[in-house]
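Here are my notes on the pockets of this model. Please read them with the structure open.

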Amino acid sequence: MKIAVLPGDGIGPEIVAQAVNVLQRLAQDGLKIEMEYAPIGGAGYDAAGDPLPDATLKLAQAADAVLLGAVGGYQYDTLPRPQRPEQGLLRIRKGLGLFANLRPALLYPELASASSLKPEVVAGLDIMIIRELTGDIYFGQPRGIEIRGGERVGVNTMIYSESEIRRIAHVGFGIAQKRKQRLCSVDKANVLETTELWRQVVIEVGKDYPDVELSHMYVDNAAMQLVRNPKQFDVMLTGNIFGDILSDEASMLTGSIGMLPSASLDEKNKGLYEPIHGSAPDIAGKNIANPLATILSVAMMLRYTFGLETPAQRVEGAVKHVLAQGYRTADIYTEGTQKVSCSEMGSAVVAAL
Ligand code: NAD
């Protein structure tokens, strides 16, 4: 298992160090893991004047999987756009052909009080949102701001080809098969032709997966249902822009941004794994960040790129165990639990393993 490790900026190096300790603990039990580090984001700019240095992209391309911390920092906010840390992320996703973004929203019972919704609405929540990542209105042409009829108009194009929809639908159904066999495809087929095609193709692909129960929901209703009764969902499948918004909404149902991992996959299940949060410059260098989202990203890597379900569950089980033991980093701390640092939380997970 060749893993490119890209810690990035801010809290990135602190949280990635804990995830690496978890991988090293698994290696002691026989997993053959090779790790190589490279800079990305602001760290890439500092090292090579580029948020995605050539050597970093090459390393990521040669690896089986990429473990990423986060990018970004105040000191880079005034750089020209192509040199900003976030460009490194967009370029590596493109450079690796990562088209399927998997974002679980899972609420551990111990953390139910962290949600802004009532505990009974969210306790036991376990949703997987699958978002198409390389198409849709974010990339469609034509785009721009131009003058028409003597005034400025902004133009973007919502576009999906049949093949783009088909490949993400296969990912969605495949994952639903391994979960509770329920897939809800989200569109706006009543108004937008692009998503009318989306619905047609999803139905066609669904014929290959008769064991998965397929339903459809308009995106406005899906946004409402996510806060009304989120536990009705198992897997949600959607395009780039709707997925962008719904996955952030779903992650906030859990109330703890430091807990949620993500995966972005290519056609051969090579993946980039990262926490959903950013580089948290406000707490960087203080050893107080929550490393669990990054550690859970390792579990996703084991499951989706390497097909190693047992070690993946072992990592997830270790995280559940430390929460049950009462360990909490500052972001999820409540009275009566034990506040620990980033490195202490990482060590607790390793001990639980
Ligand atoms: P952020 O996710 O970095 O932080 C939001 C808030 O959550 C902050 O108060 C932060 O302290 C807290 N937080 C985040 N992760 C945490 C963790 N693991 N443990 C404890 N607390 C945590 O978002 P932001 O403040 O909007 O952005 C900061 C920088 O990160 C910006 O430069 C932004 O562009 C970048 N960013 C990067 C990514 C990425 O790398 N994928 C994603 C989002 C934002």
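This is a predicted model: local features need pLDDT of at least 70, side-chain atom pairs count only at pLDDT 80 or more; totals for chains, interfaces and linings use all residues.

1. By class, the lining of the second largest pocket divides into 14 nonpolar, 2 polar and 8 charged residues.

2. Where does the second largest pocket lie relative to domain 1 and domain 2? Both domain 1 (1-108 + 259-353) and domain 2 (116-254) give residues to its lining, so the pocket lies between them.

3. Now the largest pocket. Its volume is about 760 Å³. There are 31 lining residues, and the closest to the centre are Leu-89, Leu-90, Arg-93, Arg-131 and Leu-133.

4. Strand E3 (65-70), helix H4 (85-95) and strand E4 (100-106) are among the elements that give two or more residues to the lining of the largest pocket. Helix H9 (240-253), strand E11 (261-265) and strand E12 (271-275) also belong to that group. H4 gives the most, with 7 residues.

5. The lining of the largest pocket holds 11 nonpolar, 11 polar and 9 charged residues. It draws at least three residues from each of domain 1 (1-108 + 259-353) and domain 2 (116-254).

How values were computed:
Residues are numbered from 1 along each chain as its sequence is written. Side-chain values use heavy atoms; hydrogens and water are left out. On a 1 Å grid over the protein atoms alone, a cavity is a set of points where a 1.4 Å probe fits but cannot get out, and a pocket is an open set with protein on both sides within 12 Å along at least five of seven lines; lining residues have an atom within 4 Å of a point. Grid points are joined across faces, edges and corners, and a volume is the space filled by probe spheres set on the points. Helices (H or I, at least four residues) and strands (E, at least two) are DSSP runs, numbered from the N terminus. Ala, Val, Leu, Ile, Met, Phe, Trp, Tyr, Cys and Pro count as nonpolar, Asp, Glu, Lys and Arg as charged, and the others, Gly among them, as polar. Domain bounds come from an automatic or database domain assignment.
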